[in-house]
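Today I'm looking up salt bridges, and I want to know which parts of a chain they tie together. My notes go below the picture.

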Amino acid sequence: MKKMIVFLISLFIFINIVKSEEVKVSKEIGEYAKNSKSAVLIEASTKTVLYEKNSHEKLAPASMTKIMTLLLTMEAIDSGKLSYDDDVLVSKRAAGMGGTQIFISEGTTVKVIDLLKGIGIASANDAAVALAEKVGGTYANFVMMMNKRAKELGAVDTNFKNPHGLDEEGHYSSAYDMSLIASELLKHEKILEITSTYEENINVNGENHWLVNTNKLVRFYNGMDGLKTGYTDNAKYCLTGTMKKNDMRLVTVVMGADTKEDRNEDTISMMEYGFSVYGIKNVLDSDSVLGEIYVNNANPRNVKYYVQEDVNILVDKNTDEIKYDIKKELNNVKAPLKKGDIVGKIYLSYNGKRSEYNLVIKEDIKKSGYFRMFFNNLKDIISGKINVI
């Protein structure tokens, strides 16, 4: 009898241990995105994955597709090919789009900035097509541009068939890929100004058109300032979200949630996890002079250089010691040089990973005239900087 009691107690303990392990595994697999088919949480500047669930699964992205449409438009603006005040002629294709719209009419013109707001706030399909045709020249060419840019960003699980996100065979992406594209878009601060706006009026066909943000979290979750919702019958509810706290910006993507509430819950859950566990340490500031590079035929010859973008490292708040190594490599360059030209690289080694960043100049550098070059070289010979023997 005593042996039987011991056996039953041991069996009870064993079963509970197994159950507790099952619960533990279950939480590790999906506790921050339990409602979504696929999800990812990354830190934007380092693109480090902090949490993922089926993040490389190819799924319909719905209107999150418009993140790429916005990116290509912003890059066209930055390059000078387009401006916010440019008029966009509305085509029959754009005016005839279904789904969410701002109801632009064929043959009318709409400002680029108003189309951007139509996409970033109200997720308008007609606005997306109008901008796509403006930036790409043709609808088909813009789609080619979308896929080319996706590959450049390392979004290998993505294939776009349209600029708006309505379901189409062969149109897919993944949570991870959408986070990469979103991180690139976030380099354009104007986008956050747009996507953080809850409601606004824009000019459409000579009349005010009221926009209300499809991402309700920008109003009801403190700190959320973007980025893009999505929904189709096939994709279900999707959301790429972003917010910044204590100098760290996180990006979340959820795909395939059954309801808006589910996608919001998973987004908030991942955000709160990320900000509670991780922090960001700035190693090099892109606004600070890192040094000077000697350019013999330039005027002046000592040219200041900067890192092209902030160099950050992601730290676990529970880790006391932070060790990293930085190495610098300068190129042999000659004048003339233009603002933004690359003059070298910085190599950062941290946590077993090596990252590289460009060193750039922030002003145009002219080439010296022959007389000045001769005079400067003569000074260097006299001072011993140049050995002629």
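This is a predicted model: local features need pLDDT of at least 70, side-chain atom pairs count only at pLDDT 80 or more; totals for chains, interfaces and linings use all residues.

I started with arginine 249 and aspartate 225, whose side chains meet in a salt bridge, 2.9 Å from N to O.

Next I checked aspartate 258, which forms a salt bridge with lysine 236; their closest N and O atoms are 3.0 Å apart. Aspartate 258 is in the loop between β9 and α10, while lysine 236 is in strand β8 (residues 236-245), and the two are 22 residues apart. Lysine 236 came out partly exposed, at 35% relative accessibility.

Then I went to lysine 34 and glutamate 265, a salt bridge with 3.5 Å from N to O. Lysine 34 is in the loop between α1 (2-30) and β1 (38-43) and glutamate 265 is in helix α10 (residues 260-277), so here the parts tied together are 231 residues apart in sequence. Lysine 34 is exposed, with a relative accessible area of 56%. Glutamate 265 is partly exposed, at 37%.

How many salt bridges are there? I noted a count of 15, taking a Lys or Arg side-chain nitrogen within 4 Å of an Asp or Glu carboxyl oxygen.

Key: Residues are numbered from 1 along each chain as its sequence is written. Side-chain values use heavy atoms; hydrogens and water are left out. Helices (H or I, at least four residues) and strands (E, at least two) are DSSP runs, numbered from the N terminus. Buried means under 20% relative accessible area, exposed over 50%, partly exposed in between (1.4 Å probe, protein chains only).
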